[in-house]
Amino acid sequence: MIWINIMRVIKIFIASLIFFSSCSIEKQPFEEIKLAFLNNEDQLIDFNNGNGNVFIFLTPDCPIGQKYSFVIEKLYQKYQGDGLSFYGIFPSNLGEKKISQTYAEDFDLSFPILKDPEQHLQRYFGATISPEVFLTDATGKVYYQGQIDNWFFDLGKKRQIVTEDYLDTALKAYTTQSDIKTKRTKAIGCYLPKL
């Protein structure tokens, strides 16, 4: 009797694995992902060139992402001369196209803001939070993922003084070909939409 129950559980487990694996959306290879500018759908960006990329996943209404705009722009100005490309990513249409299109202007961002309506880039990285950053080389290999710094330590809770500049430290190490000591932190912010 026990063996029959065990066999039933195993069969259900295997059937579940087959079902869920067939339902999952396949991840697109990095070299095939091309995204368009928010304000110019005809111009596609190819991420497979240059020295590397910094992807910042955003949503237009996330207050934490908005608060980080100045920090992100400052890092962009600091590292753009090292051949790194910065991209703000809106991982869906969000139903707020007008807000998204003016986001860079509203928050004084001079790097490109791209849209990912099919969420190819979001799925590639497994991004779940706004703001969440990914530092990659031109092949899509991730060198750092997570928070920009430790200003926020929980939703609505922030430090008076930042003590860990995670992204800046990773960028310094990456551009000098040094070892990146902290490769991943837990991003804190708003949940990204899923298809």
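Is Cys62 buried or exposed? In this predicted model, Cys62 has a relative accessible area of 0% and is therefore buried. Cys62 forms a disulfide with Cys190, the two sulfur atoms lying 2.3 Å apart. The count of disulfides comes to one. Because the torsion about the S-S bond of Cys62 and Cys190 is about 85°, the disulfide is right-handed. Cys62 is located in the loop between β3 (52-57) and α2 (63-67), whereas Cys190 belongs to strand β11 (residues 190-191), so the pair ties together parts that are 128 residues apart in sequence. Cys190 counts as partly exposed, at 24% relative accessibility.

The structure contains 16 aromatic pairs. One of these is formed by Tyr76 and Phe111, in an edge-to-face arrangement with 5.5 Å from centre to centre and 65° between the planes. Tyr76 is part of helix α3 (residues 69-79) and Phe111 is part of the loop between α5 (103-106) and β5 (113-115); the pair therefore ties together parts that are 35 residues apart in sequence. Tyr76 is buried, with a relative accessible area of 13%, and Phe111 is likewise buried, at 3%. One aromatic cluster is made up of Phe30, Phe55, Phe57, Tyr87, Tyr124, Phe125 and Phe134.

By residue class, the lining of the largest pocket comprises six nonpolar, two polar and two charged residues.

Technical notes. Residues are numbered from 1 along each chain as its sequence is written. This is a predicted model: local features need pLDDT of at least 70, side-chain atom pairs count only at pLDDT 80 or more; totals for chains, interfaces and linings use all residues. Side-chain values use heavy atoms; hydrogens and water are left out. Ala, Val, Leu, Ile, Met, Phe, Trp, Tyr, Cys and Pro count as nonpolar, Asp, Glu, Lys and Arg as charged, and the others, Gly among them, as polar. A disulfide is a pair of cysteine sulfur atoms within 2.5 Å. Helices (H or I, at least four residues) and strands (E, at least two) are DSSP runs, numbered from the N terminus. Buried means under 20% relative accessible area, exposed over 50%, partly exposed in between (1.4 Å probe, protein chains only). Rings of Phe, Tyr and Trp (its six-membered ring) pair if their centres lie within 6.5 Å; planes under 30 degrees apart count as stacked, over 60 as edge-to-face and the rest as tilted.
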